[in-house]
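Here is a short briefing for a first look at this protein.

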Amino acid sequence: MQYTWKDIEQHVNGCTCCPLSRTRKKPVMGRGNHQSDLMLIAEAPGGEEDQQGIPFVGSSGKLLDRLLQDCGLDRTELYITNILKCHPPGNREPQEEEKEACFPYLKYETFLLKPRIIVCLGRVAAQRIISPDFKITRQHGTWTYRKNCALTATYHPSAILRDASKYEIARKDFCEVVKKRKELTGGREREGLGI
Ligand code: URA
C-alpha cells in the first residue's frame, strides 16, 4: 500500500514516537507544492511554528521569503519541511533519537515528492541528509548527486538573522539553485528521490 500526503500528515499529527510529542503544541508537517521538483529541508520547527503547526511562519520564515524572492523564487513553487516535525524545547539542537524517530516521515515526503533538487537549510539538515561531516561554512553551495537528485546546502535563515553577512552568501547559493533547476529540468519534470 502506498501512503498519500494525507496519510503522512495524519501520522505526523498523531505521532508519539519520541518525547517531543509530550512537549509540542502542534506537530509541523511539511508544506508547499506537492508537484514541485524543489524540496527545502530545515532543522526543526521553532516556537512560532509550534503554535501554528506550519513551517517557517516566524522570523526565520520572513527572512527565507525575502531570500527566495531575491532569487525569483517563492514558496508556492517548492515544498518545505524539517528533519523534526516537533519543536524541541528552547530551540535546542535535535537529539539523535529524535532525528531517527522522525526520519520515516521525511522519507515518505521525499518518496511522494520525488524532487530533482534538495536544499538543506543549515548544518543539522546537511549533516543528516548530505553527509555526517558536512561543514556548512566550507561546503555550502557545493553539489552532491544521489538517486537522480542534486543536493546542496546553505545557511539556515536563523543563522543569517544572527549574522547578516551570511545573507549575500545564501542569496548566491539560492541563485545557483535556480540555475541548477533550469539545467536539470527546465523546472518541469520530477523524478528524483535523494534520500
Ligand atoms: N526553523 C526551522 O528549522 N524550521 C522551521 O520550520 C522554522 C524555523
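Contact here means heavy atoms within 4.5 Å. By that rule F174 touches L40, L64, L67, L68, C71, L73, V119, L121 and T154, leaving out residues up to four places away in sequence. This is a predicted model, in which local features need pLDDT of at least 70 and side-chain atom pairs count only at pLDDT 80 or more, while totals for chains, interfaces and linings use all residues. Residues are numbered from 1 along each chain as its sequence is written, and side-chain values use heavy atoms, with hydrogens and water left out.

**The nonpolar core**

- A nonpolar core is a set of buried Ala, Val, Leu, Ile, Met, Phe, Trp, Tyr and Cys residues joined through side-chain atoms within 4.5 Å.
- Buried means under 20% relative accessible area, exposed means over 50%, and partly exposed lies in between (1.4 Å probe, protein chains only).
- The largest nonpolar core has 54 residues, and L40, L121, I129 and F174 touch the most other members.
- Helix α5 gives the most to this core, with 6 residues.
- In soluble globular proteins, nonpolar side chains tend to be buried together.

**The cavity**

- On a 1 Å grid over the protein atoms alone, a cavity is a set of points where a 1.4 Å probe fits but cannot get out; a pocket is an open set with protein on both sides within 12 Å along at least five of seven lines; lining residues have an atom within 4 Å of a point.
- Grid points are joined across faces, edges and corners, and a volume is the space filled by probe spheres set on the points.
- The structure holds 1 cavity of 30 Å³ or more.
- The largest cavity has a volume of about 90 Å³.
- Its lining has 13 residues, and C15, C18, C86, C102 and Y105 lie nearest the centre.
- Helices (H or I, at least four residues) and strands (E, at least two) are DSSP runs, numbered from the N terminus.
- α5 supplies the largest share of this cavity's lining, 4 residues.
- The lining divides into 9 nonpolar, 1 polar and 3 charged residues.
- In these classes, Ala, Val, Leu, Ile, Met, Phe, Trp, Tyr, Cys and Pro count as nonpolar, Asp, Glu, Lys and Arg as charged, and the others, Gly among them, as polar.

- The largest pocket has a volume of about 540 Å³.
- It is lined by 27 residues, and E43, A44, S60, H156 and S158 are the closest to its centre.
- α3 (47-52), α4 (59-70), α6 (123-129) and α8 (157-162) each supply at least two residues of that lining.
- The lining of the largest pocket has 10 nonpolar, 10 polar and 7 charged residues.
- The second largest pocket holds about 170 Å³ of space.
- Its lining includes W5, K6, E9 and N13.
- α1 gives the largest share of the lining of the second largest pocket, 4 residues.

**Two residues in detail**

- S60 sits in helix α4.
- S60 counts as buried because its relative accessibility is 13%.
- Beyond its neighbours within four places in sequence, S60 is in contact with H156, P157, S158 and L161.
- T81 lies in strand β3 (residues 79-82).
- T81 is buried, with a relative accessible area of 1%.
- Outside four places in sequence, T81 is in contact with G30, M39, L40, I41, A42, L106 and E109.
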